[in-house]
Amino acid sequence: PKRLAFITAYTPKRTSGLAGTMLALTILAATTAGAVKSNGLAVSRRSAFQALGGAVAINVFAPAAYALKFPGEQPKDLGVRPDGSLKGCPSSPNCWSTSGDAQHIIKPLEYSKNKDAAIADLVSVLKAYPQEGITTADGNLIDGGGNQIVSNDAGYVYMQFTSKRFGFVDDVEFSVQDGGQVKLRSASRQGDSDLGVNGARLKYIAAKLAEKGGWKTELGI
């Protein structure tokens, strides 16, 4: 009972009623199988939910991991600031931004071609990002719930990437600016740790840009 109460407290805030109960029981089954190990209250959104894959054999509620969706609220303060910067990051370690503090900052991408060509490169890479997600260096699937370009206007591109389990949404922005730089930001809407998802996504995109030539893509992460 104590474990169930604890896990229920850490289900997404938008979860209630039967859905919340099913989700709590799903995570409970995973922890019983040893798939999730928590230390005190340091339970991350992704580490708890992604671990469910290893508990399917004993988990009668496993389909809930795919049927239930928790996209969270879209931030209302995204976009390019008057000084050309993007939004920074919260204190949680699930965000990278060229406007971040010492714990969250990344280097801007740099291009050595005209701005229109740089925008074309970026949009091409983003449109080609696999809808089925990508596999990271450690073998984990990320962004398996698909992605979409929400805004593409004069060098500013805003995308949303969705996880396969529970439909968590991450917000990703790019701003191609005069002078050969691209500011960028990738952040999870919910939870704490993202198990490196945002960083892996940005590295993949940077690597694809590098393949096109005329790009410096060292992010510093």
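In the predicted model, the side chains of Lys115 and Asp178 form a salt bridge with an N to O distance of 3.3 Å. This pair connects distant parts of the chain, 63 residues apart: Lys115 belongs to helix α5 (residues 115–127), whereas Asp178 lies in the loop between β7 (169–177) and β8. Lys115 is partly exposed, at 26% relative accessibility, and Asp178 is exposed, at 63%.

A salt bridge also joins Arg201 and Asp143, whose closest N and O atoms are 2.7 Å apart. Here too, distant parts of the chain are linked, with Arg201 in helix α6 (residues 197–210) and Asp143 in the loop between β4 (141–142) and β5 (147–153), 58 residues apart. Both partners are buried: the relative accessibility is 0% for Arg201 and 5% for Asp143. Through shared partners, salt bridges unite Asp143, Asp170 and Arg201 in one network.

Asp121 and Lys113 provide a further salt bridge, at 2.6 Å from N to O. Asp121 is buried, with a relative accessible area of 13%, while Lys113 is partly exposed at 26% relative accessibility.

Lys183, located in strand β8 (residues 181–188), is buried but has no salt bridge. Beyond its neighbours within four places in sequence, Lys183 contacts Gly84, Leu86, Thr98, Pro108, Glu173, Phe174, Ser175 and Gln177.

Conventions. Residues are numbered from 1 along each chain as its sequence is written. This is a predicted model: local features need pLDDT of at least 70, side-chain atom pairs count only at pLDDT 80 or more; totals for chains, interfaces and linings use all residues. Side-chain values use heavy atoms; hydrogens and water are left out. Helices (H or I, at least four residues) and strands (E, at least two) are DSSP runs, numbered from the N terminus. Buried means under 20% relative accessible area, exposed over 50%, partly exposed in between (1.4 Å probe, protein chains only). Lys and Arg count as positive and Asp and Glu as negative; His and the chain ends are not counted. A salt bridge is a side-chain nitrogen of Lys or Arg within 4 Å of a carboxyl oxygen of Asp or Glu. Contact means heavy atoms within 4.5 Å.
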